[in-house]
Amino acid sequence: MTELLSSLTEFLVAVRGAQPLLLSGLVKTAEAAILAILLGTAFGLIFGLMLVYGGKILRLAVKIYVDVARGIPGLVKIFTVYYLVNQLVIEATGYRMSAMLCGIIALAIHASAQIAEMTRGAIQALPRGQSEAGKAIGLTFGQIQFNVIFPQAIRQILPTWVTSAGEVVKGTTLLSLISVPEFFVAIKEAAAREYIFFSFYLFAMLVYFVIIYGIELFGRHLEARFNKY
Amino acid sequence: MESYHFNWNVIWRDWDALLGGLALGLEVAVYSLAIGMIIGQSCAFMMTAKSRLLRVPSRVYVTFLRNQPPLLLLFFAYFVLPRMGIRLGREESVILTLGLYAGAQLAEVFRGALVNIPRGIAEAGKSIGLTTFRVNLLVILPIMFRNALPALGNTFISLFKDTSLAAGIALAELTWQTRRISTETFAVMESWITACVLYVVTCTAISYALSYLENKLRIPR
Amino acid sequence: MTSQNRQTSGDLLIIENLHKSFGDLEVLKGVNLNVAPGDVVSIIGSSGSGKTTLLRCINLLEEFQAGRILIDGDEIGYRNSGGKRRLMSERAIARQRAMTGMVFQTFNLFPHLTAQANVTLGLRKVRRLPREEANEIARTWLARVGLADKADSYPAQLSGGQQQRVGIARAVAMSPKLMLFDEATSALDPELVGEVLSVIGDLANDGMTMVVVTHEMQFAREVSSRVVFMSEGLIGEEGKPEALFGNPKSQRLKEFLSRTRT
């Protein structure tokens with residue numbers, strides 16, 4: 001018991017020592033996750049609309065994008081953007097994207113493919129009469145989308161969107177493999193520096209659990225609000 | 001910076017290593033799925049049990065593991081467990097980690113498949129004289145398994161994709177091999193294009209194979 | 001003393017003072033019923049009268065708080081240990097359930113098994129018959145219910161009436177001492193009711209002892225040797241079908257019959 005207590009104190013002291021490192025890692029993780037989720041959601045919605053309303057060629061192109069993006073593992077996407085896309089960008093512009101930017105792009109691609117697919121599913125699940133009723137009262141295409149279709153589709157999208165957001169957060173740990181100094185890197189460094197491994201890893205698990213499960217609970221809360229009608 | 005010259009020879013030279021890496025990933029995914037299915041089915045029964053003693057621990061396990069980054073779990077298994085005297089090889093670490101992780105995901109899948117079975121089916125089993133255990137084994141489990149088939153297929157594809165994480169602990173699967181080639185030869189384009197194509201083709205093939213299997217195993221209607 | 005007499009009276013099923021509650025709601029308030037071998041007893045009554053619960057108690061799908069049920073002289077479900085009433089072991093209960101065959105309102109066929117495999121499951125796993133013998137018995141019974149050609153079909157490929165006939169074959173193939181039918185035709189489309197009732201009628205003519213919970217008054221009148229009218233958790237009236245339907249004594253039964261006739 002005393003042994004446990006003393007190792008806990010020791011760990012808390014170590015955490016305090018590593019606080020700046022851990023905090024800056026956490027900020028990086030949050031930055032990457034939030035930007036990737038925002039970008040992924042925006043593009044996902046656009047691609048989803050293209051899948052529903054686009055012409056034949058556009059639909060096919062987006063479908064290929066979605067299928068390819070979903071067929072490539074997240075880590076491979078990160079490496080591909082980091083090595084391959086970066087190479088192309090350098091040749092075209094002479095500018096080298098940072099590892100962080102590459103990571104965000106890769107995570108956003110991942111999320112956009114998932115979100116495009118579920119947007120398509122959600123819109124197509126709505127009865128045709130909904131958009132026809134919108135047309136009948138003289139709404140434009142955009143007005144129909146924002147006032148009629150989206151509010152209904154969002155209830156369908158929300159649960160899967162929450163899962164995607166959680167996956168992005170999980171995916172930020174992969175950025176450690178291209179040396180982005182995010183939270184997992186900070187944990188590894190702190191653990192090695194203080195030579196306390198088990199506790200730091202357990203601490204990391206708890207932090208990630210709180211974030212990812214927190215997103216899930218928040219999603220459920222939103223769902224409950226949207227399910228009123 | 002001079003413009004890029006394609007040199008596909010570096011890929012052909014290492015073609016066997018790439019395919020070997022792909023096969024290793026598939027092998028790891030199969031073993032992980034096996035572990036995940038055992039854990040998932042056990043947890044599903046525990047989560048729907050009457051006793052709190054069964055429900056609470058299974059619920060905690062599933063909720064905690066489902067919300068973990070798998071890479072963190074993998075590093076924990078490979079780098080931290082040895083410090084506590086539990087030494088696992090690279091492949092074992094990946095299989096164990098992905099198996100435990102998939103178990104948590106599959107627990108939810110199986111639980112859903114389980115609660116969808118009408119109560120009367122189990123009652124019918126009891127009424128012909130089967131004990132609860134044998135009702136579960138002979139009637140409920142096979143139905144649950146078939147209900148869960150489509151989700152099981154998706155989980156397998158996810159698992160296969162997640163085997164790429166093993167590159168993080170230098171297991172020589174496809175992603176690791178690709179990265180090795182790309183850094184050794186600077187054939188960045190060739191190597192990553194090849195990896196992407198291999199992954200997409202494999203995932204598509206698996207997905208077709210699974211839907212064929214699903215059609216065969218599905219309860220006819 | 002009386003219970004001793006009853007035990008040796010030769011009745012196949014004896015229910016004494018059966019009490020059953022769901023929480024605060026008392027559903028069976030002391031039911032007494034005797035069924036002699038070869039009897040076909042129809043239980044009628046409005047929904048909520050407790051007739052389905054009574055049937056489920058006989059098959060031990062429901063626990064009951066007081067009273068006794070004896071099948072062929074054996075008390076089922078509970079035993080006395082040191083003056084305390086104890087639920088029997090799972091295994092013992094399973095064995096006792098196999099003595100009665102149950103046919104459900106919602107069929108409850110095993111969806112992942114063919115019609116034949118639905119019938120053989122109990123034969124192989126409970127009665128431990130060899131595969132060939134079990135298949136033989138299953139084919140015989142499927143033929144008896146008119147489904148010889150459907151042995152390899154899965155439940156989802158069968159009509160409701162066909163499913164229910166498989167359900168009957170599954171129960172009766174176990175050679176139960178007593179068959180229980182729980183509103184076996186209520187979930188069926190009207191045009192499919194006849195085929196199922198005629199199968200049940202055939203079994204009755206063969207001398208099978210049966211307790212039938214039913215809404216089909218015509219059937220109860222024609223097939224049963226005795227009709228029991230349940231009302232508010234008790235047996236309100238019982239007798240031969242002609243007497244009960246022709247000359248109902250209680251006001252409740254009169255009202256019930258006038259409602260069901262219209």
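Predicted model: local features only at pLDDT ≥ 70, side-chain atom pairs only at ≥ 80, totals over all residues.
Which residue in E5(C) is the bridge partner of Ile71(C)? The partner is Asp74(C).

Strand E4 of chain C covers residues 66–71. Two strands meet here: E4(C) and E5(C) are joined by 2 bridges and run antiparallel. They belong to an open sheet of 4 strands in chain C. The strand order is E2-E1-E4-E5, with antiparallel pairing. Strand E2 (25–35) and strand E5 (74–75) of chain C stand at the edges. Each has a single partner strand, so one side of each is left without a neighbour in the sheet. In general, strands of a sheet pair through backbone hydrogen bonds, either parallel or antiparallel.

**Where chain B meets chain C**

Chain B puts 22 residues in contact with 26 residues of chain C. The two chains bury about 2,100 Å² between them. Carbon and sulfur atoms account for 67% of that area. On the chain B side, Ser127(B), Ile128(B) and Pro220(B) supply 27% of the area buried against chain C, more than any other three residues.

What about polar links? The rule finds 1 salt bridge across this interface. It joins the side chains of Glu123(B) and Arg56(C), at 2.5 Å from N to O. The interface also has 5 residue pairs in polar contact.

Which elements of chain B give two or more residues to the side that touches chain C? They are helix H6 (119–127) and helix H7 (132–147) of chain B. H6(B) gives the most, with 8 residues. The table sorts the chain B side by class.

| Class on the side of chain B that touches chain C | Count |
|---|---|
| Nonpolar | 10 residues |
| Polar | 6 residues |

**A glutamine in chain C**

Gln162(C) sits in helix H6 of chain C, which spans residues 160–172. Is Gln162(C) buried or exposed? Gln162(C) counts as buried, because its relative accessibility is 17% and the cut-off for buried is under 20%. Leaving aside residues up to four places away in sequence, Gln162(C) touches Leu147(C), Lys150(C) and Glu195(C).

**In brief**

Chain C carries an open, antiparallel sheet of 4 strands, with E2(C) and E5(C) at the edges. Chain B and chain C bury about 2,100 Å² between them, and Glu123(B) and Arg56(C) form a salt bridge.

Terms used. Residues numbered from 1 in each chain as written. Chains lettered and ligands numbered in written order. Heavy atoms only, no water. Contact = heavy atoms within 4.5 Å. Buried area = accessible area lost by both parts, 1.4 Å probe. Salt bridge = Lys/Arg side-chain N within 4 Å of Asp/Glu carboxyl O. Polar contact = N/O pair within 3.5 Å; in protein donor to acceptor, adjacent residues only side chain to side chain. Nonpolar A, V, L, I, M, F, W, Y, C, P; charged D, E, K, R; others polar. Buried < 20%, exposed > 50% of the residue type's maximum accessible area, 1.4 Å probe, protein only. Pairing = 2+ DSSP bridges.
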